[in-house]
Amino acid sequence: MTNMTNEIKVALRGLLKTPGFCVIAIATLALAIGANSAVVSLISALLVRPLPYHDSSRLVLIWEQFKTMGLERIPVSTPEYVDLERDFHGCQQIGAFAYRNFNLGGEGTPERISGAVVSPALFPLLGVEPIAGRTFAREEQGEGHDDVVVISERLSKNRFNSDPYLVGKSLLLNGRNYTVIGVMPASFEFPIPLFGVQGNQFAARADIWKPVAFTQHELKDRGDRNYSVIARLPEKVSMQQAQVELDNVIATWSRQYPDNYVNGSFGAKIYPLQEQVIGGMRSGLAILLGAVAFVLLIACANLATMLLARASARERELAIRVALGAGRWRLLRQMLTESILLAFGGGIAGVMLSVWGIEFLKRAGARTIPRLNEVNVDLTVLIVMAVVAIGTGVLFGLLPGLASANPELTEALKEGGRGATASRRHNQIRNGLVVGEIALALVLLVGAGLLTKSYALLQNVNPGFNPHNVLTMEISLPQLKYPAPETFFYLGTETTTRFVAEANRRIARLPGVQSTAATDVLPLSGTNTDSSFMIEGRESQAGPGADEEIRTVTPDYFRVLQTPLLQGRFFNDADTSDSTPVVIVNRTFARKFFSDGDALGKRITFDDPKHNPKWATIVGIVEDIRHRSLDVDPQPEYYRPHTQFPERSMILVVRSAQDPRSLASVIRREIQSIDPDEPIAKVRPLEAVVSESVAPRRFAVVLLSVFAAGALLLAAVGVYGVMSYLVVQRSHEIGVRMALGAQRRDVLGLVVGHAGKLVGVGTAIGLLLTCFSTRALSVLLYGVGTFDLVTFAFVTVMLAAVSLIASYIPAVRATRSDPMIALSHNA
Amino acid sequence: MIKLRRIERFYPLAKGKFFYVLRDINIDIEEGEFVSIMGPSGAGKSSLLHILGMHDHGWSGEYFLGETAVHPLKAKERAALRNEQIGFVFQQYHLLDDLTVYENLEIPLSYRRVGKSEREGIVADTLDRFQIVGKKDLYPRQLSGGQQQLVGVARAIVSNPKLLLADEPTGNLHSSQGEEIMGLFKRLNAEGTTIVQVTHSEKNAAYGNRVIQLRDGWVINN
């Protein structure tokens with residue numbers, strides 16, 4: 001024990017004598033363990049961990065598709081859901097749901113709460129119990145019976161101070177009283193934002209659930225698709241078997257309702273829920289995992305290089321200890337003590353870095369990655385990373401001890417002896433490790449470079465509008481106060497039109513406001529709507545007609561967004577509910593449907609053309625707006641005036657001469673002066689909307705760049721370390737050369753030249769590896785090829801330059817040494 | 001005490017040739033002798049000393065240390081024998097830089113599994129004997145060359161070896177320091193320690209009672 005204490009004391013002393021080595025070794029370990037654990041924990045939580053529902057592997061979503069029209073993953077209509085509930089026997093339970101927003105009134109400031117309408121089967125299907133009260137009973141579905149809600153623990157806490165008697169109390173939602181019947185736990189989240197699917201790409205977390213209440217019109221209209229469907233497959237039914245069963249149900253619809261499902265183009269598909277949640281993130285996460293592996297390898301190589309250099313410098317000391325009587329086990333114990341002390345320091349730093357790293361990832365990816373709130377440091381991952389990194393440290397820390405048990409001591413002990421044989425072997429290993437580090441660092445740097453260039457190009461894409469100085473906010477007029485026509489529950493009537501017009505009028509009068517308008521769907525917000533239509537003169541063509549993206553806007557919308565008018569006119573006050581229906585189309589729409597002539601003046605209808613349709617005239621053509629994403633080409637879009645299609649949920653867009661955020665409170669006051677119960681929600685500048693739309697890509701760029709920068713730093717440290725040791729090792733030779741007449745540049749050339757060889761080989765290998773690795777990146781690139789020569793060249797030159805600078809510092813040190821001292825220097 | 005018979009040390013060169021460092025060395029050294037090994041550079045003096053000290057194992061011939069035949073022993077056995085019987089003083093001192101003077105003296109005892117309290121006693125005595133008690137907490141870099149070599153000698157004899165081998169012990173010291181060290185060797189020899197030193201210096205050789213001359217690996221005068 002006393003010997004052990006002494007050894008710990010001596011080991012600590014030895015380490016503290018070389019603080020630079022300690023700091024770099026511990027930092028390297030921390031990076032290998034901590035940063036990598038954070039990212040792998042994230043990936044593990046997203047890809048591997050099951051969803052927070054009972055046996056989530058059996059949960060699936062059912063989406064419909066119109067293959068010939070290129071429409072996939074579209075919701076189902078109410079009659080279709082009812083049919084599935086009755087006829088689809090491939091599932092054990094089935095439920096419908098849709099996002100909804102609720103205006104919470106009553107005591108306090110009116111507030112918009114995100115939520116969902118769900119069928120009563122949903123909570124039992126998910127297998128999650130409430131923490132208070134109950135969930136919906138079957139009979140609570142349907143108009144007149146649906147005046148109950150379940151709320152989240154989060155809402156209970158934030159709005160009602162976790163009132164223990166909340167269950168049974170009444171809430172005023174959308175002007176109507178609902179009884180709270182249950183509270184779901186804080187960990188419960190449904191729906192989870194579904195990436196890549198129309199609408200709700202960045203939906204806020206639902207805090208209120210209400211039973212669905214299908215209207216009579218909804219129950220009849222097979223074409224009005226508003227609901228998503230989730231099902232639980234029985235244990236013995238595979239995905240394929242369920243798909244076959246579903247196809248049979250769909251086939252009967254095609255026979256029973258031929259007008260709705262023509263040409264065999266309609267179908268439905270089953271998607272595992274987990275797959276939907278991760279969606280397009282999988283390839284990005286795989287790339288990150290690759291980056292993690294590279295950084296781990298580089299960190300281990302760096303650690304090994306440093307430890308081998310340290311070991312070489314201690315050959316003499318180890319030889320002396322053997323000469324003084326140290327046995328192999330004593331030597332190994334001493335080396336192990338040092339390695340373990342380093343590992344301990346690195347491990348603690350690594351754990352701290354992993355915790356901090358997870359918090360950073362949660363903040364950075366907040367609106368980018370679903371289920372981020374579930375991510376914590378994965379203990380298994382932490383242990384694996386620690387074992388790999390610390391294992392490397394211990395192994396390379398022990399190697400000199402193992403080698404020194406070789407009793408050939410004379411070389412090390414003699415006058416001028418340098419332990420040459422062991423040093424040569426160590427040199428070769430070190431050089432090899434540094435070459436490997438440089439190669440791997442290059443791969444990471446090229447990847448980060450390509451992603452960064454891609455992101456920069458994306459930032460410069462013209463979205464089709466000017467987002468600067470525009471404030472957006474959502475309003476949602478409750479049906480109770482703003483009645484809906486019988487056929488469309490999401491529309492309003494004159495009361496809705498008047499409210500929106502009055503809101504625009506009052507806002508336009510505010511100081512600082514240049515123009516104001518409203519739309520039902522904001523560009524790049526992740527939401528989308530589409531509708532089918534028929535073009536006059538083409539009614540005889542077989543098929544269900546075209547289906548394109550549709551927007552409802554007020555007259556000044558394009559002026560606020562500064563989207564150019566190409567032909568015709570914008571909507572104006574003459575376009576009322578009583579006047580001729582009109583539409584405006586975008587350039588892509590005009591090109592697609594009227595490529596041989598002018599779109600202006602042509603007419604389209606949303607009705608069945610055989611049954612007295614209302615035709616809408618195309619009165620204007622506007623420039624394309626990139627609605628879905630900056631990296632997706634504009635789609636055909638058409639716009640209708642709000643007066644003729646009064647949506648009750650709209651987004652106000654206000655252009656200001658100054659920072660538009662300063663207008664938020666005055667706008668809120670104006671809205672509530674029209675209707676005191678009407679909250680505004682999601683107040684944010686349009687620039688923020690655009691920025692958030694590229695958040696996933698930005699997240700990938702930031703993460704990969706951080707890893708690449710870390711790799712570059714580690715590679716530079718590796719080169720520096722090798723060159724420093726080389727200078728020490730060759731100081732005698734350098735002294736002789738200088739005594740013989742070598743100038744400063746000759747010595748620099750000697751050292752930097754050696755580094756240049758390592759860098760040259762490393763970059764050559766790295767470029768070869770990069771040719772394969774960049775293929776994996778192609779899914780994330782925009783406007784940049786996987787073999788972008790400029791990026792390759794820039795990164796290669798940068799890495800070479802950094803490495804050579806790292807070697808320059810010890811080279812300069814070598815030129816400054818006194819030849820006489822160098823000539824008398826013992827290794 | 002020491003018997004060497006037909007000791008040879010060579011290194012292989014290219015094309016099947018050999019370079020001989022030592023050739024047909026036959027030497028007897030009695031207990032209590034103070035022997036100096038002399039000769040020009042490259043004569044093989046240090047090589048012979050390292051063979052005696054069992055640092056070098058690439059030799060042939062017979063080597064007896066006391067009653068023990070060293071030549072048939074395995075490396076581990078030789079190391080044990082060395083620990084038991086031999087102390088070595090190096091020209092470059094070879095003190096451990098991270099250990100204090102006290103710890104440098106203690107380490108050979110620790111390697112020989114001597115208990116803590118016994119070690120403390122032995123080290124204290126040695127510090128006292130060499131009059132370096134006041135320097136026990138200093139590190140080698142804080143000592144002069146002479147003081148470092150003094151510690152080196154103290155370390156070599158702390159485990160009470162029968163044989164003390166010294167390779168140019170005053171080679172890196174100036175003359176007065178060298179005299180101090182040689183005087184110390186003289187005293188140790190008088191107390192019964194057999195000493196074999198390698199030296200270039202006639203003056204240092206004069207402290208001993210016998211000189212062995214080497215040239216080109218051969219003993220030319222014994």
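1. A:Gln562 sits in the loop between helix H16 (557-561) and strand S17 (565-568) of chain A. Helices (H or I, at least four residues) and strands (E, at least two) are DSSP runs, numbered from the N terminus. Phi of A:Gln562 is near 60 degrees, a positive value in a residue other than glycine. Most residues other than glycine have a negative phi, and most peptide bonds are trans.

2. Some ground rules. This is a predicted model, in which local features need pLDDT of at least 70 and side-chain atom pairs count only at pLDDT 80 or more, while totals for chains, interfaces and linings use all residues. Residues are numbered from 1 along each chain as its sequence is written, chains are lettered from A and ligands numbered from 1 in the order in which they are written, and side-chain values use heavy atoms, with hydrogens and water left out.

3. The peptide bond joining A:Phe190 and A:Pro191 is cis, with omega about -5 degrees. A:Pro191 lies in the loop between strand S9 (176-184) and strand S10 (208-211) of chain A.

4. Now the interface. Chain A gives 29 residues to the contact and chain B gives 31 residues; contact means heavy atoms within 4.5 Å. The two chains bury about 2600 Å² between them, 48% of it on carbon and sulfur atoms. Buried area is the accessible area (1.4 Å probe) that two parts lose on being put together, summed over both. Between chain A and chain B there are 10 residue pairs in polar contact, both residues at pLDDT 80 or more. A polar contact is a pair of N or O atoms within 3.5 Å; within protein, one must be able to donate a hydrogen and the other to accept it, and residues adjacent in sequence count only if both atoms are side-chain atoms.

5. Which elements of chain A touch chain B? Those giving two or more residues are helix H1 (2-17), helix H10 (315-324), helix H11 (328-364) and helix H13 (410-413) of chain A. H1(A) provides the largest share of this side, 8 residues. By class, the side of chain A that touches chain B has 10 nonpolar, 9 polar and 10 charged residues. Here Ala, Val, Leu, Ile, Met, Phe, Trp, Tyr, Cys and Pro count as nonpolar, Asp, Glu, Lys and Arg as charged, and the others, Gly among them, as polar.

6. Salt bridges come next (a side-chain nitrogen of Lys or Arg within 4 Å of a carboxyl oxygen of Asp or Glu). The count over all chains is 49, and between chain A and chain B it is 4. One pairs B:Asp98 with A:Lys17 at 2.7 Å, N to O. Another pairs B:Glu103 with A:Lys9 at 3.9 Å, N to O. B:Glu103 lies in helix H3 (residues 101-111) of chain B and A:Lys9 in helix H1 of chain A, so this pair joins two chains.

7. Chain B has an open sheet of 4 strands, order S2-S1-S4-S5, with antiparallel pairing. Strand S2 (18-29) and strand S5 (68-69) of chain B are at the edges with a single partner strand each, so one side of each has no neighbour in the sheet. Two strands pair if DSSP finds at least two bridges between them. Strand S4 (residues 59-65) of chain B and S5(B) pair over 2 bridges. In this stretch B:Leu65 stands opposite B:Thr68. Helix H1 (residues 45-52) of chain B lies across strand S1 (2-12), S2 and S4 of chain B, at about 60 degrees to S2(B). Axes are lines fitted to C-alpha atoms, for helices over the stretch in contact, and angles run from 0 to 180 degrees between N-to-C directions.

8. An open sheet of 6 strands in chain B has the order S6-S7-S8-S3-S9-S10, with mixed pairing. Strand S6 (86-89) and strand S10 (218-221) of chain B stand at the edges. Neighbouring strands are turned by 25 degrees against each other on average, direction ignored. Strand S7 (residues 163-167) and strand S8 (residues 194-198) of chain B run parallel, joined by 5 bridges.

9. Helices also cover this sheet's S6 and S7. Helix H2 (residues 75-85) of chain B lies across both, at about 80 degrees to S6(B). Helix H5 (residues 145-157) of chain B also lies across both, at about 170 degrees to S6(B).
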